[in-house]
Amino acid sequence: MLGRSTMKAAAAMRTAAPAMARMPAQVSAAAVSGDRNMANVKALRMRLASVKSIQRITKTMKMVAAAKLKGFQTRMMAARPLGVSMDKILAEIPAPGDEEVAGADMTHLIVPITSDRGLCGGVNSAVSKAVKVLDNELKGEKYIAILGNKGEALLKRTHGQMIKRVITEIYLNPTSFALASEIAEELSSIQQYDKAHIVYNRFKSAIAYDTLCDEVESTDAMADRMAQFTEKYEFEDEFTESLHMSDMMQFILASKVYSRLLESATSETSARMGAMENATKNCGEMVDKLTLVMNRARQAVITQELGEIVSGAAAVESK
């Protein structure tokens with residue numbers, strides 16, 4: 001009887017041995033799976049905190065842009081009559097004839113007005129595209145003088161050989177006519193040109209703008225037509241006449257630059273406000289999705305831990 005009992009006990013031990021051997025592997029696999037889920041929850045929590053931080057930044061930038069927009073818009077509307085007056089003066093100068101336009105080998109100075117900072121939608125890319133289209137349409141020698149830091153990054157690869165000057169930090173201080181006069185003088189000293197093309201964004205509303213191009217001819221390019229324009233005025237001598245006409249064209253260029261800088265600054269601010277609003281909304285949607293995923297991962301960890309506790313209690317009771 002004793003031998004038979006011993007044999008049964010030995011058989012039971014042999015039967016339980018494989019299960020006992022598998023138990024550490026199962027427990028180890030469950031522990032690894034639990035650690036992986038917990039690590040996933042930690043990664044999702046860190047990413048969620050990062051997205052929320054970005055959302056706070058974009059919301060703040062939107063509020064700052066909205067506060068600045070009113071000031072830019074007020075100064076822009078005050079400067080628009082100046083640009084309209086310059087257009088009226090240029091309209092009084094006789095237009096060039098068809099033969100003069102067709103036969104002239106003109107030198108063109110393209111002046112794109114861009115921003116110094118990004119995160120403002122497509123205002124800079126719209127200006128760069130307009131410059132590329134204008135480059136294909138114009139004949140003769142062409143040079144580029146960029147206002148704003150972002151224009152160089154967009155045009156350097158394709159039009160790097162045409163870029164003569166890059167004027168940056170133009171929006172560091174509030175735009176003034178003195179700054180526009182310095183920029184106009186700098187543009188005149190860069191390269192002798194026949195016609196300047198100012199490419200800018202004209203403000204329409206808080207959500208819309210138009211990319212336009214203004215043309216300003218130099219005094220030398222329209223000397224004959226300028227003589228017809230000055231016939232109704234009296235000057236002491238020809239030197240005084242040419243000096244006054246040169247100063248007038250320089251003033252027209254400065255006035256154009258001034259009003260177009262304000263137009264571009266207002267368009268940039270409104271575009272930045274819209275871009276930051278869209279970014280804030282996208283962050284909100286991402287926060288909702290990440291919260292849902294993180295809650296599912298946390299629920300999976302909790303469910304797994306409950307399952308392990310129940311299995312452990314069942315194992316203890318079976319003993």
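**View 1. Helix H5 meets helix H7 in this predicted model.** From H5, the residues in contact are Phe177, Ala180, Ser181, Ile183, Ala184, Glu185, Leu187 and Ser188. Their counterparts in H7 are Gln250, Phe251, Leu253, Ala254, Ser255, Val257, Tyr258 and Leu261. The two helix axes come within 8 Å. They cross at roughly 120°. H5 and H7 are therefore oblique to each other. The crossing of H5 and H7 is right-handed.

**View 2. Ring pairs gather Phe177, Phe251 and Tyr258 into a cluster.** The structure has two aromatic pairs. In one of them, the ring centres of Phe177 and Phe251 are 5.6 Å apart. Their planes stand at 50°, so this pair is tilted. Phe177 sits in helix H5, and Phe251 sits in helix H7, which covers residues 238–318. The pair links distant parts of the chain, 74 residues apart. Phe177 also forms an aromatic pair with Tyr258. Here the centres are 5.8 Å apart, and the planes are at 75°. This pair is edge-to-face. Phe177 belongs to H5 and Tyr258 to H7, so the pair ties together parts 81 residues apart in sequence.

View 3. Tyr258 is at 16%, so Tyr258 counts as buried. The cut-off for buried is under 20%.

**View 4. Five strands build an open sheet.** The strand order is S3-S2-S1-S4-S5. The pairing is mixed. Strand S3 (163–167) and strand S5 (208–217) stand at the edges. Each has a single partner strand, so one side of each is left without a neighbour in the sheet. From one strand to the next, the twist averages 20°. Helix H5, residues 177–190, lies across strand S1 (107–112), strand S2 (141–147) and S3. H5 runs at about 165° to S3.

**View 5. Strand S4 pairs with S1 and with S5.** S1 and S4 pair in the parallel sense, over five bridges. His108 stands opposite Lys195 in S4. S4 (residues 195–205) and S5 run antiparallel, joined by 10 bridges. Which residue in S5 is the bridge partner of Lys195? The partner is Glu217. Further along, Phe203 has Tyr209 in S5 as its bridge partner. A hairpin of two residues joins S4 to S5.

**View 6. Ile198 is a buried residue of strand S4.** S4 is mostly covered, with eight of its 11 residues buried. Ile198 has a relative accessible area of 1%. What does Ile198 contact, leaving aside its neighbours within four places in sequence? Its contacts are Val111, Ile113, Leu212, Cys213, Asp214, Leu253, Lys256, Val257 and Arg260. Take Arg260 as one of them. Ile198 and Arg260 are 62 residues apart in sequence. In space, their C-alpha atoms are 8.1 Å apart.

**View 7. Phe235 lies in the loop between helix H6 and helix H7.** H6 covers residues 223–229. Phe235 has a relative accessible area of 28% and is partly exposed. Leave aside its neighbours within four places in sequence. Phe235 is then in contact with Thr230, Thr240, Glu241, His244 and Met245.

**View 8. The whole chain holds seven helices and five strands.** Along the sequence, the pattern reads α-α-β-α-β-α-β-α-β-β-α-α. The protein chain has 319 residues, and 34% of them count as buried. Now consider contacts between residues at least 6 apart in sequence. Of these, 78% join residues at least 24 apart.

Technical notes. Residues numbered from 1 in each chain as written. Predicted model: local features only at pLDDT ≥ 70, side-chain atom pairs only at ≥ 80, totals over all residues. Heavy atoms only, no water. Pairing = 2+ DSSP bridges. Helix = DSSP H or I, 4+ residues; strand = E, 2+ residues; numbered from the N terminus. Axes fitted to C-alpha atoms, helices over the stretch in contact; angles between N-to-C directions. Contact = heavy atoms within 4.5 Å. Phe/Tyr/Trp six-rings, centres within 6.5 Å; stacked < 30°, edge-to-face > 60°. Buried < 20%, exposed > 50% of the residue type's maximum accessible area, 1.4 Å probe, protein only. Parallel < 35°, antiparallel > 145°, perpendicular 65-115°, else oblique. Left-handed = near helix turned anticlockwise from the far one by under 90°.
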